[in-house]
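These are my notebook entries from a first reading of this model. I wrote down what I looked up, in the order in which I looked.

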Amino acid sequence: MIQIAILGFGVVGSGTAEVLTENKAIIERKVGQPFDIKYILDLRDFPDSPFADKVIHDFNIIVNDPEVSLVAEMMGGSHPAYDFTKACLEAGKSVVTSNKEVVANFGTELLGLAKTHGVSYEFEASVGGGIPIIRPMNQDLSSNNITAVNGILNGTTNYILTKMETEGTPFAEVLKDAQKKGYAEANPTADVEGLDAARKIVILAAMAFGKRIDPNTIPCEGITKITVEDMETARELGYAIKLIGHTEKRDGKILCMVSPRLVSQYTPLSGVSDVFNGILVDADMVGQVMFYGPGAGKLPTASAVVADMIDIMEHTPANIKAPVWADATAEDIMDFSTYACKNLVVLDAPLSAADTLASAFGAVRFCGRDGRLAMITAELTEATMTERLTKVDAAYPIITRIRLL
Ligand code: HSE
């Protein structure tokens with residue numbers, strides 16, 4: 001009998017208990033032996049829950065119980081989630097998690113600890129909710145040299161951008177609606193400022209390139225400045241605006257970044273709407289692979305958590321095909337000023353300024369609306385863009401600048 005403990009009985013924690021109970025027979029058949037949820041750790045009591053008798057408040061009971069071999073951490077936040085995870089791994093218990101903050105900040109150390117103690121640390125649910133992405137990158141794409149990953153990694157912001165696009169409602173209003181519907185948190189900063197997506201792209205970069213970059217150090221821009229007018233301009237030029245986590249490796253250097261991007265209406269990421277996520281992986285042998293599905297939510301995320309639990313239960317007590325990460329050093333990281341892409345720039349300028357701007361930005365496409373001039377620049381480095389934007393801003397104030405994917 002495998003004894004399980006769940007840390008955190010919020011949305012994903014309660015979903016995990018539900019999946020384990022609802023599909024118990026199927027799971028036990030796959031695992032080949034029975035399992036039981038022995039403890040659920042939370043600060044609160046849940047007297048009306050069918051799991052009320054499992055709820056405890058003292059983590060030490062779990063870490064000191066030799067019968068518990070598998071722990072699912074769904075507390076959120078770095079502390080005490082990281083501390084509890086570490087203690088469980090050191091006590092010889094495998095851990096699965098949906099907590100991207102812990103994986104992105106401490107993944108290298110925790111994977112190392114799991115290896116040392118002959119147990120597993122798995123985190124399929126930390127990126128893309130219910131979408132299989134970590135295991136496919138670790139196993140099914142393992143014969144490839146992965147060169148880039150681009151993803152819509154945050155369901156909340158994708159929902160907001162979709163509503164802005166389809167209903168023409170401004171950001172602040174859609175955010176309020178998203179909070180009412182429970183998609184966006186009461187404090188939506190990590191979502192709308194891009195930090196949640198930053199943590200996820202850091203995890204995907206580590207899966208692709210074996211190096212974990214500190215998520216707090218990557219170029220990161222959210223969606224708070226995107227306007228309905230930007231979306232109309234983008235549409236006119238043939239693009240949708242999406243918040244994209246991007247990572248690539250070039251000349252041995254890794255870039256990880258998050259920013260709003262213009263995505264061509266003819267590419268699959270532009271069709272990823274609402275709370276869905278989509279992830280494109282570029283690899284040398286298979287070509288381009290897309291992963292798509294529900295990027296958040298109780299049961300989709302719990303589905304991924306339980307898949308990791310099954311993986312571990314099937315292979316207990318071995319440390320199964322674990323990813324090997326090292327923390328990135330300055331040497332590993334690409335100088336962002338050398339990164340080049342095309343850009344949408346909207347300026348307060350008349351159509352007659354097009355020739356001047358074309359020579360400054362190598363711009364190829366223009367459109368004018370309401371006394372503004374919008375252009376798509378040539379592929380220019382960040383350093384060049386900053387220098388040229390500063391130069392033209394005095395004559396033609398910059399209203400918007402959004403990178404293209
Ligand atoms: N806040 C996250 C999102 C939850 O909106 O995508 C899933 O990680």
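I began with helix 2 (residues 24–31) and helix 12 (residues 298–315), whose axes come within 9 Å and cross at roughly 35°. For such values, axes are lines fitted to C-alpha atoms, for helices over the stretch in contact, and angles run from 0 to 180 degrees between N-to-C directions. Helices (H or I, at least four residues) and strands (E, at least two) are DSSP runs, numbered from the N terminus. I found that Ile 27, Lys 30 and Val 31 of helix 2 make the contact with Val 306, Ile 310, Met 313 and Glu 314 of helix 12, contact meaning heavy atoms within 4.5 Å. Sorted by class, the residues of this contact are five nonpolar, no polar and two charged; Ala, Val, Leu, Ile, Met, Phe, Trp, Tyr, Cys and Pro count as nonpolar, Asp, Glu, Lys and Arg as charged, and the others, Gly among them, as polar.

I noted the terms of the model: it is predicted, local features need pLDDT of at least 70, side-chain atom pairs count only at pLDDT 80 or more, and totals for chains, interfaces and linings use all residues. Residues are numbered from 1 along each chain as its sequence is written, and side-chain values use heavy atoms, with hydrogens and water left out.

Next I looked at helix 7 (residues 155–167) and helix 11 (residues 228–237), which pack at an angle of about 70° with their axes 9 Å apart. Helix 7 and helix 11 are therefore roughly perpendicular, a word used for 65 to 115 degrees. Leu 161, Met 164 and Glu 165 in helix 7 meet Val 228, Met 231 and Arg 235 in helix 11, and these divide into four nonpolar, no polar and two charged residues.

I then turned to the domains, whose bounds come from an automatic or database domain assignment: domain 1 (2–129 + 298–327), domain 2 (134–295) and domain 3 (337–404).

How many salt bridges does the count between domain 2 and domain 3 give? The count is one, where a salt bridge is a side-chain nitrogen of Lys or Arg within 4 Å of a carboxyl oxygen of Asp or Glu. I also recorded that the side chains of Arg 403 and Glu 221 meet in a salt bridge (3.4 Å, N to O).

Last, I checked the backbone and found a cis peptide bond joining His 79 and Pro 80, with omega about 10°. Pro 80 is in the loop between strand 4 (68–73) and helix 4 (81–90).

Notes
Parallel < 35°, antiparallel > 145°, perpendicular 65-115°, else oblique.
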